[in-house]
Every structure is written in structure tokens, then in C-alpha cells.
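Me: Could you take me closely through one part of this model, setting out how it is packed and what surrounds it? Please follow it with some helix pairs elsewhere for context.

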Amino acid sequence: MTAAAPSGASAASAAGTVAAGAVLRGPTFGERVREWLPAAVLFVGALAAWEVIVRVFQIKQFILPSPVAIATAWWTYLPELSSAAAYTLVEVVGGLLIGVTAGILAGAVTARYAAVREAALPFAVAANSIPIVAFAPIFNIWFGLDTQVSKMMIAAVLCFFPVMINTVRGLLSAPAPALELMRSYAASDRETFLRVRVPSAVPYVFTALRVSATLATIGAVIGEYFGAPKVSLGQYIVTYSSYLNFERSWGAIVFAAAMGIGLYVLVVLVERLVAPWAADRSGAPA
Amino acid sequence: MTDAAISAPAATPAPAAVSATTVPVVQLTGVSKVFQPTSQGARPVEALKGIDLTVRRGEFVSLIGPSGCGKSTLLRAIGDLTSVTEGSVAVNGKPAAQARRDRDYGMVFQAPVLFEWRSVQENVELPLEIIGRPPHERAVRAREMLDLVELGEFMSHRPWQLSGGMQQRVAIARALALGPDILLMDEPFGALDEMTRERMNLELLRIWERTGTTVIFVTHSIPEAVFLSTRVVVMSARPGRITDVVDVDLPHSRDVETRELERYFELVTRVRESLRRGEGPSSGGTARVRAEGLSA
């Protein structure tokens with residue numbers, strides 16, 4: 001088996017052997033609780049320690065507000081924070097959709113034509129290594145200082161390269177024997193593409209999607225730092241930080257964090273639905 | 001895909017061709033294969049040289065030889081997975097490429113090459129999907145084939161839930177799904193442990209007897225080759241050529257006892273000596289037994 005990446009046709013995985021008639025079952029509720037318990041304990045413990053440290057050492061609120069202070073501010077300003085978050089969410093989701101769609105299409109074309117691959121792939125890999133957020137102020141000039149479009153474009157460009165590169169890798173990841181098998185059935189290129197290459201690529205694309213969910217959030221918020229209406233998470237953070245009213249900035253950061261995590265979890269859930277065979281592949285190719 | 005290809009026989013084992021008795025299933029004439037070097041300065045590699053071989057319907061022919069003797073290349077040439085530099089490969093009286101388009105082959109590789117996004121049943125259905133069979137017919141045929149390899153209970157399992165030997169049996173079921181004329185097997189049991197391998201050998205013989213499919217089987221195991229085959233084709237390396245063809249005159253229906261017959265040991269020794277002669281004292285190998293006439 002030539003498969004270097006953990007995808008495509010299954011190599012003889014003796015590890016997963018089951019006896020005849022054995023039924024596979026998911027973890028029970030109790031097992032799930034036990035699985036999540038350490039993380040939950042750590043999270044609550046860290047918040048408590050934070051609160052205690054801030055109080056004991058009387059740390060100034062503009063250096064580090066306590067969790068309770070942040071929660072209070074978050075609750076107090078919930079209406080305006082919510083509208084800011086909604087505004088930013090549109091940019092994140094829009095950018096994600098544009099970037100992912102373009103990335104998958106570009107990746108498919110790149111994987112299909114060797115000439116395109118040789119010409120474009122080095123640039124894509126190089127582009128993936130540069131800090132694209134540095135272009136945020138420029139994108140604001142190109143697409144409008146306080147429009148949502150300019151932030152979408154930053155988010156989209158951030159998502160584009162990882163998605164494109166992983167789409168190419170995934171489509172080319174099918175092991176040689178799998179392609180020979182299709183050849184022995186005289187399968188058309190289209191059949192081979194749909195039945196072997198695309199399913200092989202799915203785990204790769206989802207790996208890129210998980211990264212993109214985070215990148216899109218980063219891109220939109222940073223884009224807003226350089227110019228956006230006041231009802232946006234980025235401007236909210238910038239404004240109240242300059243007033244030294246950090247609880248309110250932190251309130252917006254909580255929303256931005258929740259957005260990033262929420263989108264990530266959404267991608268993971270969709271992956272389990274679309275590609276259950278790849279669900280245990282969190283250590284997948286990057 | 002052409003309409004003609006779709007209408008190829010699928011759901012039932014291919015009926016014996018009218019010309020079955022006259023046209024050999026596989027006819028290799030003067031086949032040579034040279035791999036051109038991929039890097040500068042490297043020499044071309046003569047993988048196969050002057051191969052003549054005839055395989056008749058219903059035979060079980062093993063190709064055995066040291067690694068690098070081109071036995072896999074020969075198998076791949078028969079299956080039109082690689083081209084030949086010289087000579088001709090005729091399958092059912094047509095060029096190998098046409099035979100592949102007519103889906104005369106079932107392939108089994110050393111790795112099972114099962115798709116993890118498909119259940120066991122769906123893996124077996126794959127070739128039937130490709131030729132456009134309706135779902136019901138596919139399911140019936142998959143069931144039949146999985147029963148044949150005694151995995152009927154595992155239809156809805158995922159490939160990774162099966163052991164290596166079971167995965168390989170699924171691969172065999174898939175290879176037989178279109179009722180191919182010829183089963184091409186490239187060291188299918190090479191990755192299995194000895195116990196499993198012996199069990200798979202018995203299983204394969206049973207399947208061969210029941211389907212009547214012609215089998216061409218690449219192996220590097222002498223006992224396996226003798227136990228399974230009606231003929232063992234012995235090859236030598238650099239250049240890959242046939243040095244001997246051993247007719248296996250063991251009783252037709254074989255079982256665990258067969259491995260204890262005196263004749264079995266004689267044949268194992270015979271093949272082993274042929275292999276040793278093929279290696280030769282010098283790399284040139286002067287005292288070769290040529291295969292000419294032995295295929296008859």
C-alpha cells in the first residue's frame with residue numbers, strides 16, 4: 001500500500017477487528033460525561049483562579065478585569081454587543097462561504113490539470129505562508145472602509161489558500177492501487193473522480209474547513225480594527241479599549257471567541273454527518 | 001462510457017465463449033517490457049524478456065520468482081495496467097486493452113484496497129455501479145458474492161472493522177462481482193500471517209472450483225504456488241524471463257491433507273530447484289531451462 005496519508009482505501013487495519021456478530025455502539029452518556037469532565041474542571045478551575053488572582057493582587061481593571069466584572073459588563077451591554085456580534089457574524093460567514101467555495105473550485109481545477117498544478121501550486125503554498133491579515137487596511141481601501149464586503153474579502157482570502165491546497169492534496173491522495181482498480185473496471189475519469197478522488201479528498205477538505213472557521217473570524221475582526229461601523233465587534237473592542245473601559249472590550253472578545261469556537265464545532269458536526277468514516281481523523285493532514 | 005460497455009455481462013458469471021476450446025484465455029507471445037530510466041544516467045531496466053505463455057480456460061496458474069523478476073509486471077501487462085514494449089498480449093482472442101474495456105478481468109492486489117467510505121456490501125457493489133446495474137440487482141449480486149466468501153453476515157460492516165484476511169475476502173468478492181473470465185491476483189495473501197494464509201488458500205481453491213474462473217496468481221511462496229496451482233510458472237530476474245513451467249499433478253480437489261502428500265513435497269522441491277537454477281551461479285545464468293514447449 002502506497003498511501004502515505006491516512007486516507008483513501010483502507011489499508012489492512014487489523015486493529016479494528018471485531019468478532020462475528022459484534023455490534024458497534026457509540027459511547028454511553030456516562031462515558032461522555034467522564035470524557036469531558038477533565039476539560040470542564042480545568043475550565044471552571046482556571047476561571048476561579050483568574051478571579052482569585054485579580055482580587056488577591058488587586059490587579060487594575062485596565063490590565064486584567066476579573067471574570068465576574070467581564071460577565072457583568074457582558075450582561076449589561078448585551079443588546080449592543082449582540083448587534084455588533086450579528087454584524088460581524090455576517091462578515092465571517094460570508095467570507096467563509098466565498099473563500100471555501102473559491103478554494104474548492106480552484107483546488108479541483110488545480111488537481112485536474114498538471115500544468116495548472118505546476119504553475120499555481122508553489123504560489124499557493126507561498127501565499128499560505130504569508131500573513132494575509134497584513135493586507136487588512138488595503139482591503140478596506142479597495143472594498144470600502146466601513147463596508148461588510150471588505151471584511152468578507154479579508155476572511156475569504158485567509159480561507160482560500162488552506163482550502164485550495166488541501167483540496168488539491170486530497171484529490172491527489174488516492175493510492176495507486178485504488179486508481180488501478182478503477183482502471184481494471186474500465187471506469188471513466190468522471191467515475192474515478194466521483195467515486196474515489198472526491199471521497200478521498202473529503203477529510204482533507206474538512207481539515208482545512210476547521211482551520212478556516214477560525215481564520216475567517218480572525219480576518220473579520222482584524223479588518224474591523226482598521227475601519228468599520230461602531231456596531232461591530234472589532235470597532236467595539238478598539239473604541240472601549242481607547243476609553244480604558246476594558247470590561248466592555250472583553251465582553252466583545254467573549255463574543256468573538258464564542259463565534260470562532262461555535263463555527264469550529266459546527267464544521268466538526270457537519271463532518272461527522274457527511275464523512276463519518278473520517279470522524280476519528282482529528283490528526284488529519286494539514 | 002459506451003453503451004456497449006454497459007451491456008457487458010455482469011450479474012451472472014460470463015458464459016463460456018463458443019470458442020472456449022479453441023481460443024486460449026491468455027496468449028502471450030514474445031512479450032518484453034523495458035522500463036525507461038526516470039533519472040539521467042540510469043540504465044533502462046529490462047523487466048520482461050521474450051515471454052511466451054498460454055493459459056487455458058479454467059486453469060490456475062501461479063507466477064513465482066525472486067523479487068524483481070517481473071512477475072507482477074507480467075500480471076499487470078495481462079490486465080492492461082501496464083503496456084508492453086514488444087510482443088503481444090491476447091486475452092480471449094483480443095488485445096488486452098479491449099479485454100479490459102470488456103471487463104474480462106477481476107483484480108485482487110496485495111492490499112485489499114477497500115474504500116472506507118463504503119460498507120462491505122457497497123464495496124462489492126462498486127463494479128456493478130460502474131456498469132450501471134440497478135440497486136436491487138447490485139444488492140442481490142453482492143449478497144451472493146459475500147456468501148461465496150462466507151462473509152454474508154458482514155454486509156453492513158465497515159472495512160476497518162474486519163481483519164486483514166476478511167478484508168482480502170471482500171476484495172475477492174468484489175473482483176468476482178462482474179463474473180470475470182479471469183481473476184488476476186497480485187500476491188493477495190502476502191501481507192497475511194501463515195495460518196491465515198493457509199486458510200485463505202483453501203478458501204480460494206473452493207471459490208475457484210465453484211466459479212470455474214481462470215486464475216493467474218503472483219506469489220513468492222513456493223508451498224502456496226504448488227498447493228493452489230495446476231501449473232507453476234518459474235521466473236528469473238534481470239531480465240525477467242520464464243525459466244521453467246511445472247505441471248502440478250496433485251489430485252484435483254485439495255485439502256489440508258494435500259500438504260502432507262509425498263508428491264506435494266516432490267513438487268515443492270522441484271519448484272525450489274528451478275528457482276535456484278534460475279538464479280544461476282553467475283548473474284548471466286547460462287544453464288537456463290527455457291519454457292518453450294512446456295506450456296502445452
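Reply: The buried residues of helix 4 of chain B pack against helix 8 (189–225) of chain A and, within chain B, against strand 7 (114–115), helix 5 (135–148) and helix 6 (164–176). Contact here requires that the C-beta atoms of two residues, placed from the backbone, lie within 7 Å, while helices (H or I, at least four residues) and strands (E, at least two) are DSSP runs numbered from the N terminus. This is a predicted model, in which local features need pLDDT of at least 70 and side-chain atom pairs count only at pLDDT 80 or more, whereas totals for chains, interfaces and linings use all residues. Residues are numbered from 1 along each chain as its sequence is written, and chains are lettered from A and ligands numbered from 1 in the order in which they are written.

Helix 4 of chain B spans residues 120–130, and nine of its 11 residues are buried, so it is largely enclosed by the rest of the structure. A residue counts as buried if 20 or more other C-beta atoms, placed from the backbone, lie within 10 Å of its own, as exposed if 12 or fewer do, and as partly exposed in between. The buried set consists of B:Val120, B:Gln121, B:Asn123, B:Val124, B:Glu125, B:Leu126, B:Pro127, B:Leu128 and B:Ile130. After helix 4 of chain B comes B:Gly132, with a positive phi near 80°.

Turning to chain A, buried residues account for 39% of its 286 residues, and the chain holds 10 helices and one strand. Helix 3 (residues 78–112) and helix 4 (residues 114–128) of chain A pack at about 130° with their axes 6 Å apart, where axes are lines fitted to C-alpha atoms, for helices over the stretch in contact, and angles run from 0 to 180 degrees between N-to-C directions. This angle makes helix 3 of chain A oblique to helix 4 of chain A, since angles under 35 degrees count as roughly parallel, over 145 as roughly antiparallel, 65 to 115 as roughly perpendicular and the rest as oblique. A:Val109, A:Thr110 and A:Ala111 of helix 3 of chain A make this contact with A:Val116, A:Arg117, A:Ala120 and A:Leu121 of helix 4 of chain A.

The axes of helix 9 (residues 233–242) and helix 10 (residues 246–274) of chain A come within 8 Å and cross at roughly 160°, which makes helix 9 of chain A roughly antiparallel to helix 10 of chain A.
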